[in-house]
Amino acid sequence: MAVTEKNNTTLSALMAASLALPALGGAAQAAEPATDVSASYHFSHYHENSVPSSKLARGGSERYTVKTHQVDLKAPFLFTDSDIELALQHETMSGASPWYIEPDLNGKPVVVMSGATSSQSKRLINEERNSIQSKLNLYRGPHRLSLTSGYSKEKDYRSIQAGLEVAKEFNQGMTTLEAGAGFTNNTLNPTDAKKYQRKSRYHNHETSLYGGLTQILNRHSLLQLSVNYSQENGFLSDPYKFVYLGTKLAPDSRPERRRKFALLSRYRYYIEPLDAAVHVDYRFFRDSWGIHSNTLKLAWHQTLSHGWKITPSIRYYDQSQADFYLPFSYIGPPSNLYSSDYRLSPFGSISGGLRIDKTFGGWQFALMYEYYRSGARYSLNHVDVEDPALVDFQVLSASINYSFGQ
Amino acid sequence: MECTTHKFHAMGTHCQLFLYANDSSQGEALIIQAEAEIRRLEAKYTRYQENSETSRINRSAGQVAGIRVDAETAALLDYAATAYLQSDGLFDITSGVLRNAWRFEQTTLPDSDVINHLLTRVGWHRLQWESPHLTLPLVGMELDFGGVVKEYAVDAVVAICRDQGCRHGLLDMGGDIGVIGPHPDGSPWRVGIRTPWDPDRAKAIIELSAGGLATSGDYERYTEIDGVRYGHILNPKTGWPVQSMVSVSVQAPRCIIAGTASTIGMLNGIKQGKQWLAELGLPYLCINRDGSLAGSFSTDS
């Protein structure tokens, strides 16, 4: 008898229902409290390449190196149907950062690094940051409610955050809707405030909202869509940066409000014969400062035998400049807003990464490497003046995770 | 790589796990975990133990307040609800109470009043199921996960083995089969479908490299009354055994789906059953009463 596919809705319905079965790695996990304690340690070493001598005016060519240690814990919580996640982070930063940009004798922009003058020497930074974040998840049937909070402290910076998330599964776990809101309050206490023509204390805060949809399309593919909106208010300038305005150096001056909008889509496709999955992520972003950006990330997750997995990935990013971005000016500024921060300049970037995972009993190990390059040459659009402070970096990280009770 | 075989008895049937492990310690670890998972599910869903989840559910029959079930049971109930809906009410995990009328050692037909009384306690539609809250509103109602749990256990073991990097192996739980992956040289497993009258000889050989295979049939348990053969597969709508094929085997991406499809194929009877299976689109094989084969499998017989 010939095989027909007329009754395929029956098969899809059974397939969908079987996918939700937990022992088969089902989607039901989204609304499932942790029953085991799991702990992980993550270390990463982020290293920015030196500024090439052709782009350096003064100061050391060394840029930032950041070492991060993070411990994550996840455990069932006091009440039934709840769990708690904790993340503790300790970061040390050393090196120097771009201070301002000036023209060289030919009018070509070159970067002056912090630490270029003796009064600046304290900005040859050796800093540390400590943070703690927690998330309490409460589950009831297909619903999840999460409360998040966080605290982060640096010598000259303090941040407190709180948030709320709700999620609901429909359709036997095939569809998940999520919504959330968050609030962050930041206090800045610039060191050497007077030398930088700054006050000793500034504040800003950010309110964010997001909504998301996850849809399991079939047993091979999944689509996630989310929309984020946030608004920052307060002092949003960089207290340690200046702009070269011909006759004087003026402190970085940005608007006191920034509205940001982002649209994210994630698609995952499992290729059964190869035991591999393709991940395609795309992000569109725009803000009230005039920046719009596109990010495309492709990753190939290949499962191998003996509990090994290897994931090569590539990421492309492109952004337009902020309206008030100004590398430097020979005459006064066109308005009272200006910044020469390379992160507000027009550029493109490309990065490649490789991740290796190994599972062994209740243990999981991972090793990751990423190499990132940015510049005008990677931009989709024509860039008049490339910011000389655009950075190239590499990150090497490793993590180890253990689930108790396996 | 060498093939390790582990044989044991669980869920009322013979189980055989064939594994090609990377080394003997991995093989041993997988065997222990596989058997533990099967025993966990057996203990949780058996009807024969007071403290099982199934017994707890069945004890709640008649309680208006109902009970709350855990996520795994909820997913199984959701699955059963889907199977009920997709089979137009033939696949029904509430039909177990009908066993009280059909004891397969009996020599006379049951009284139709008994069947009719039992039928008032049968029917998924009589349950109140609002995940994770379940109510069996009538005293005497029962759930029986027997029709899904063995197949689910097969899939669970396949998932455990694959999660730990094992890519070659097969689990057979009394004819419910899950494939972890083909032999290391890429060749498929060859699984025999037995005939009732010649159990030592395979009637057909089915080649499997992935997914699951399940067979539903009434050749193992039946009774003959006044020259008529009554199998153990009962129609939950009439309360009577269905007159169907000798057996139906279905291959599916998962054993649980193969099991559900083969059961629904049987429940639909000889003609409609084949039509339903053909429309489902999964490879299947029926053994007819006269010993002939029908279906969409390419087989060596």
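The accessible surface of chain B comes to about 12600 Å², and carbon and sulfur atoms hold 48% of it; such areas come from the Shrake-Rupley method with a 1.4 Å probe, and for residues only the protein chains shown count as cover. The model is a predicted one, in which local features need pLDDT of at least 70, side-chain atom pairs count only at pLDDT 80 or more, and totals for chains, interfaces and linings use all residues. Residues are numbered from 1 along each chain as its sequence is written, chains are lettered from A and ligands numbered from 1 in the order in which they are written, and side-chain values use heavy atoms, with hydrogens and water left out.

Chain B has 7 helices and 15 strands, taken as DSSP runs numbered from the N terminus (helices: H or I, at least four residues; strands: E, at least two). Of its 301 residues, 59% are buried, that is, under 20% relative accessible area, with exposed set at over 50% and partly exposed in between (1.4 Å probe, protein chains only). As for contacts (heavy atoms within 4.5 Å), take those in chain B with a separation of 6 or more: 61% of them link residues 24 or more positions apart.

One residue to look at is B:Lys44, which sits in helix H1 (residues 24-45) of chain B. B:Lys44 counts as buried because its relative accessibility is 16%. Setting aside neighbours within four places in sequence, B:Lys44 touches B:Ser52, B:Glu53, B:Thr54, B:Asp70, B:Glu72 and B:Thr73.

Now for the place where the two chains meet. Here 37 residues of chain B are in contact with 35 residues of chain A. About 3000 Å² is buried between chain B and chain A, with 62% given by carbon and sulfur atoms; buried area is the accessible area (1.4 Å probe) that two parts lose on being put together, summed over both. The rule finds 1 salt bridge across this interface, a salt bridge being a side-chain nitrogen of Lys or Arg within 4 Å of a carboxyl oxygen of Asp or Glu. The side chains of A:Asp81 and B:Arg68 meet in a salt bridge, at 2.8 Å from N to O.

Over in chain A, 3 strands make up an open sheet with mixed pairing, in the order E2-E6-E5. Strands E2 (56-58) and E5 (98-103) of chain A are at the edges, each pairing on one side only; two strands pair if DSSP finds at least two bridges between them. E2(A) runs parallel to strand E6 (residues 109-113) of chain A, and 2 bridges join them. A:Arg58 has A:Val112 in E6(A) as its bridge partner.
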